Amino acid sequence: MLTAVRAIVAKDLLISRRSPTYFALSVVVPVMFVLLYAFIVQTATTAPIGFAVKSHGPHTQQFMSAIKDMKSEDGDAWEIRTTDPAEAKAMYDSGETIGMVVLPPTFEADVTAGKAHIDIVSDNINSDITKNLQLRVDTAIGAVQKSIDPEHTVGVKAVDRWASPMSFTRYMGASLLMFAILYASMVNTGSLVAREWEDRTAKAVVLSPRGLAPLIAGKWTAAFVQTCMTMVLVGLTLWLTLDYPLTRLGPGSWAPLLLMFLYGSALGVLLGVTLRRSLPLVPIAAVLAVVHFLVVGFESYMRGYAHAGLVEFLWQIARYWPVSGAIDQIRFTVEGQQPFYIGSQTHYLLWLSAVIIVLIGAATYVLRKRLRFAQGQ
């Protein structure tokens, strides 16, 4: 059996080297996907803004100090382009900034009299941008009010599960890793299987006295080599664009990453023996990977939004699909934290292994049921 597996691996790697189209697709799509989301995250974290500061005094300094110190795990809340009123208006009018915060000339006196106000001028084409702008300004106003009258303020006592929140870039980084490894493994394994029919070599391979085991093992091994090359490039892209801490992917993440590769390869084998063509396999693999990314990859993110309707239905599916447990395990490993959930998710390794076995069984069934050849095969 080992001789047959080695022969299939050598043949597939040689074919991929001579005709690297599908291998290139398994690299380009994940890398571009990571670059796209890296761009989105970076533009959503820090808001470019202009401050038209028309007042001077201690209260103004307190407010601006609170603004400049505002940040989260993902970075600074503000990118203050200017504090000059004329420049702030010009930048806003030209679209260089998303908004303008105006401190009127009477701000100091109004604060002393207890009736101060701040003007927010914004492009409210996006409700999320408007909401974040208002919340951040409100936070800064609360800091000023607390310094003026600390005896009459409403405080918030946060009780967090962990010492510090996980940054959104690290949270999303695990989902991007999942997308990349699923897509690459599906395309690599599926296209290698489908090529046996396209190259008219399927008959000799399938009807070999060695059985189907060398075929599946050989395809998985060749796809594993190619997927590892893809993941190296994806990992470098994550590190360069999102500063994702690849060095924290320790032994606790190896098992879920390997299982996600096997899961994607099992899907690829099923697609390959069903379609028997490489061209339609690629878009189907892309759709499946994107659905996993958007639904399963953000399962814990959807919990606060899954109130009713389709969102709650999708969340319930993602909650118990074992891939979500594998992704969270990677997140916890990177953060150095222990998983907190109980129940079926703690056994995601066994459940995901069972899903892989079912997919391989389904692929074998389809292959045996449709064991017929055309065009001389």
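The structure is a predicted model, in which local features need pLDDT of at least 70, side-chain atom pairs count only at pLDDT 80 or more, and totals for chains, interfaces and linings use all residues. Residues are numbered from 1 along each chain as its sequence is written, and side-chain values use heavy atoms, with hydrogens and water left out. The chain has 15 helices and 6 strands; helices (H or I, at least four residues) and strands (E, at least two) are DSSP runs numbered from the N terminus.

**Whole chain**

- Of the 377 residues in the chain, 46% are buried, where buried means under 20% relative accessible area, exposed over 50%, and partly exposed in between (1.4 Å probe, protein chains only).
- Contacts (heavy atoms within 4.5 Å) between residues at least 6 apart in sequence join residues at least 24 apart in 81% of cases.
- The accessible surface of the chain is about 19600 Å², and carbon and sulfur atoms account for 63% of that surface; areas come from the Shrake-Rupley method with a 1.4 Å probe, and for residues only the protein chains shown count as cover.

**Sheet and flanking helices**

- Four strands form an open sheet with mixed pairing, in the order β4-β1-β5-β6; two strands pair if DSSP finds at least two bridges between them.
- At the edges are β4 (78-82) and β6 (119-122), each of which pairs on one side only.
- From one strand to the next, the twist averages 30°; axes are lines fitted to C-alpha atoms, for helices over the stretch in contact, and angles run from 0 to 180 degrees between N-to-C directions.
- Strands β1 (residues 47-53) and β5 (residues 99-103) run parallel and are joined by 4 bridges, and Gly50 has Met100 in β5 as its bridge partner.
- Helix α3 (residues 58-69) lies across β1, β4 and β5, at about 175° to β1.
- Helix α4 (residues 85-94) lies across β1, β4, β5 and β6, at about 140° to β1.

**Leu259**

- Leu259 is part of helix α10 (residues 251-275) and counts as buried because its relative accessibility is 11%.
- Leaving aside residues up to four places away in sequence, Leu259 touches Leu349, Leu352, Ser353 and Ile356.
- Ala326 is 67 residues from Leu259 along the chain, and their C-alpha atoms are separated by 8.2 Å.

**His292**

- His292 sits in helix α11 (residues 281-296) and, with a relative accessible area of 10%, is buried.
- Leaving aside residues up to four places away in sequence, His292 touches Met178, Leu182, Tyr263, Gly297 and Trp321.
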